[in-house]
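I opened this model to look up its sheets, a few helix contacts and some single residues. My notes follow in the order I made them.

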Amino acid sequence: MKHDIMLIGPACRDVNIDFDGTVDRGIGGAVYFCSFAARAVGADVMNAVKINPDDTDVRDAFEEDADHIRILPSRLTTKMKNVYTTPTRETRDASCEAQSDPILPGEIPDAPCTIFHLAGLLYGDFPDELIPFLAGRGLLSADIQGFLRHNDGGPMHFRDWKQKTALMKYFHFLKTDAAEAEILTGSSDRRQAAEIMHGMGAKEIVITHNEEVLAYDGDQFYTCPIRARNLSGRTGRGDTTMGVYLACRAKGSPIRDALLTATAAVSLKMETPGPIRADAAAIRSYIRDFYPDAL
């Protein structure tokens with residue numbers, strides 16, 4: 001059986017402290033939020049999750065059967081704390097209490113997939129040799145966070161990726177947020193940054209922002225506005241966007257349609273904490289209600 005997507009990365013234990021002091025503890029990580037998002041629009045997902053095998057509650061949080069999840073053993077399960085410093089949740093002070101082991105090529109499940117997505121949290125999650133290895137198996141996708149965010153003994157800092165010139169060419173899909181795009185390219189203009197990343201070799205760029213999501217394929221820019229009615233579920237925004245987008249693209253949707261579905265899905269998701277729980281019908285209904293101008 002060929003899966004639409006393999007999501008590869010560490011899950012983590014999250015402590016999120018909101019601007020008003022509200023504390024939320026739960027399971028998180030890009031691979032976790034992406035999984036629920038891709039499944040929400042009907043994708044067949046294989047989850048390759050790096051955690052300590054004893055942390056069965058983390059594995060169970062994916063709500064997946066044994067045919068759709070593989071645990072990649074690690075000495076530690078990643079643990080993160082996010083302190084949001086503004087009501088919009090656009091800025092946060094993040095720290096890492098534990099980081100999982102790197103994911104090696106030999107650990108990747110032997111399962112055919114259309115897209116392989118590197119859903120990382122920290123620099124070091126993915127060694128360089130994993131990138132060409134996966135690009136040889138299918139369309140490779142990555143969240144650039146896993147190559148820019150460094151664990152400096154607890155505090156985390158973003159730094160440019162030294163290997164970008166050599167390795168960006170292997171990425172068919174690349175997801176960044178606006179701040180990460182600027183670190184990678186030196187440009188605060190999202191369109192210009194997308195053009196620069198495309199020039200580095202990535203073929204299809206998705207940049208998330210608090211106001212809109214942008215996609216660029218080297219020929220055309222596509223944008224879609226965020227229309228969430230509140231931001232109580234801000235955590236996991238970018239991961240939800242990319243999970244839905246990749247699922248739609250894997251299933252044959254054109255970029256414009258995939259972007260609309262992904263942006264509507266994340267707008268809906270941001271109204272409730274946790275991973276997206278809506279199904280495809282609920283997302284279509286949200287599009288009819290809040291994106292009539294796109295129909």
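Entry 1: terms. Before looking at partners across strands, I wrote down that two strands pair if DSSP finds at least two bridges between them. I also noted that this is a predicted model.

Entry 2: strand S4 and its neighbours. I looked up S4 and S5 and found that they pair in the parallel sense over five bridges. One partner I checked was that of Ala48, which is Arg70 in S5. I then turned to strand S1, residues 3–10, which also pairs with S4 in the parallel sense, over six bridges. Here Ile5 stands opposite Val45 of S4. As a reminder to myself, strands of a sheet pair through backbone hydrogen bonds, either parallel or antiparallel.

Entry 3: is S4 buried or exposed? I found that seven of its seven residues are buried, so S4 is largely enclosed by the rest of the structure. I kept the cut-off beside this: buried means under 20% relative accessible area. In a regular strand the side chains alternate between the two faces of the sheet. I listed S4 accordingly: Val45, Asn47, Val49 and Ile51 point one way. Met46, Ala48 and Lys50 point the other way, and the residues of both sets are all buried. I noted that Lys50 is on this buried list along with Met46 and Ala48.

Entry 4: the sheet that holds S4. I wrote down nine strands in an open sheet, in the order S5-S4-S1-S8-S9-S12-S13-S14-S15, with mixed pairing. Strand S5 (69–73) and strand S15 (221–225) are the edge strands, each pairing on one side only. From one strand to the next the twist averages 15 degrees. I next looked at what H7 does here, and found that it packs on this sheet. H7 touches strand S12 (173–177), strand S13 (204–208), strand S14 (212–216) and S15. The direction of H7 makes about 35 degrees with that of S14.

Entry 5: the four-stranded sheet. I found four strands in an open sheet, ordered S3-S2-S6-S7, and the pairing is mixed. Its edge strands are strand S3 (23–28) and strand S7 (92–98), each pairing on one side only. The twist here averages 20 degrees from one strand to the next.

Entry 6: helices H6 and H7. How do their axes cross? I noted that H6 (residues 178–185) and H7 (residues 190–200) have axes that come within 9 Å and cross at roughly 55 degrees. The angle makes H6 oblique to H7. The crossing of H6 past H7 is left-handed. On the H6 side I listed Ala178, Ala181, Leu184 and Thr185, and these meet Arg190, Ala193, Ile196, Met197 and Met200 of H7. The residues of this contact divide into seven nonpolar, one polar and one charged.

Entry 7: helices H1 and H8. The axes of H1 and H8 come within 7 Å and cross at roughly 45 degrees. I recorded H1 as oblique to H8 because of that angle. H1 passes H8 in a right-handed crossing. H1 contributes Ala30, Phe33, Cys34, Ala37 and Ala38, while H8 contributes Asp239, Thr240, Gly243, Val244 and Ala247. I sorted the residues of the contact of H1 with H8 into seven nonpolar, two polar and one charged.

Entry 8: Thr241. This residue lies in helix H8, residues 237–250. Thr241 counts as buried because its relative accessibility is 2%. Leaving out residues up to four places away in sequence, I found that Thr241 touches Thr208, Val213, Ala262 and Val266.

Entry 9: Gly42. Where is Gly42 placed? I found Gly42 in the loop between helix H1 (30–40) and strand S4 (45–51). Its relative accessible area is 47%, so Gly42 is partly exposed. Not counting residues up to four places away in sequence, Gly42 touches Asp4 and Lys251.

Conventions:
Residues are numbered from 1 along each chain as its sequence is written. This is a predicted model: local features need pLDDT of at least 70, side-chain atom pairs count only at pLDDT 80 or more; totals for chains, interfaces and linings use all residues. Side-chain values use heavy atoms; hydrogens and water are left out. Axes are lines fitted to C-alpha atoms, for helices over the stretch in contact, and angles run from 0 to 180 degrees between N-to-C directions. Helices (H or I, at least four residues) and strands (E, at least two) are DSSP runs, numbered from the N terminus. Angles under 35 degrees count as roughly parallel, over 145 as roughly antiparallel, 65 to 115 as roughly perpendicular and the rest as oblique. A crossing is left-handed if the near helix is turned anticlockwise from the far one by less than a right angle, and right-handed if clockwise. Contact means heavy atoms within 4.5 Å. Ala, Val, Leu, Ile, Met, Phe, Trp, Tyr, Cys and Pro count as nonpolar, Asp, Glu, Lys and Arg as charged, and the others, Gly among them, as polar. Buried means under 20% relative accessible area, exposed over 50%, partly exposed in between (1.4 Å probe, protein chains only).
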